[in-house]
Amino acid sequence: MKKFFAILFAGLLLCACSPFSLVNSETYNNADLSDYHTFRIVTPADGNLPPGMQMVTYYNIAAAIREQMVERGFTEDPASPLLINIGLTVHKEIATEPLIDAYGPGAWAPVPGPFYNGCYPCFMYPRYNYWPGYYSNAQVITGIYKEGVLTMDMVNIDTKVPLYSSSVATILQNGESQFRDLKGIAEAAQTLFSKFPVPLLPQYRK
């Protein structure tokens, strides 16, 4: 029993020390992502790199996302209808709450949340091409502190239907995001997929 609690405490300590936190993880339009067997990751040819993102950072983030998808049984295919879009925001983070709770049912909002410092995250493939103008889950501001946020959208690019979105945040160190180094990016991707509805294949489970 003592050994069990020691292991549990060590696990909690490791989780508490992680510089990354999951901001959101949501499935949309009743999507069953296990119905998809292939994927493709957005490239600079689909749009533009978010401000401040270097090509090496893009390649490292894409590689980390690719690894997570492959370990869940997906195959990368440039013709896949499942597009993984990448968005990055490095601003003052704004803690949020659902707009529908703040302003009541039927309140209007331009895009789904969360918002950061009143700024919409910059996505490589324009998000307005698949997000509706009205979304009841939009967020409003409740408090501010500095952090960087990496957002991943999954969308059926053929039908322009959003399927899934998750965001991971990290406190900025000396104004620099921890999304820049390989170790940090790998850990961010693990957090990004921590509540992904398709589980890891048995051989990749710890």
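**Entry 1: helix 4**

My terms: buried is under 20% relative accessible area, exposed over 50%, partly exposed in between (1.4 Å probe, protein chains only). Helices (H or I, at least four residues) and strands (E, at least two) are DSSP runs, numbered from the N terminus. The model is predicted: local features need pLDDT of at least 70, side-chain atom pairs count only at pLDDT 80 or more, and totals for chains, interfaces and linings use all residues. Residues are numbered from 1 along each chain as its sequence is written, and side-chain values use heavy atoms, with hydrogens and water left out.

Helix 4 covers residues 182-192, and I listed its buried residues as Gly184, Ile185, Ala188, Ala189, Thr191 and Leu192. Down the axis of helix 4 these fall within an arc of 160°, so they line one face. The arc is taken from the directions from the helix axis to the C-beta atoms.

**Entry 2: salt bridges**

I searched the whole structure and got 3 salt bridges. The criterion is a side-chain nitrogen of Lys or Arg within 4 Å of a carboxyl oxygen of Asp or Glu.

- Asp46 pairs with Arg40, with the closest N and O atoms 3.5 Å apart. Asp46 is partly exposed at 25%; Arg40 is buried at 19%.
- Glu76 pairs with Arg66 at 2.6 Å between the closest N and O atoms. Glu76 sits in strand 3 (residues 75-76) and Arg66 in helix 2 (residues 55-70), so the pair ties together parts 10 residues apart in sequence.
- Arg127 meets Asp153 at 2.5 Å, N to O. Arg127 is in the loop between strand 5 (122-123) and strand 6 (139-156), Asp153 is in strand 6, and they are 26 residues apart. Arg127 is buried at 5% relative accessibility, and Asp153 is buried at 0%.

**Entry 3: aromatic rings**

I counted 5 aromatic pairs. Rings of Phe, Tyr and Trp (its six-membered ring) pair if their centres lie within 6.5 Å; planes under 30 degrees apart are stacked, over 60 edge-to-face, the rest tilted.

- Tyr58 and Tyr59 are tilted, at 5.3 Å centre to centre and 55° between the planes. Tyr58 is buried at 5%, whereas Tyr59 is exposed at 52%.
- Tyr125 and Tyr130 are stacked, at 6.2 Å and 5°. Tyr125 is buried at 13% and Tyr130 is buried at 3%.
- Ring pairs also link Phe74, Tyr164, Phe193 and Phe196 into a cluster.
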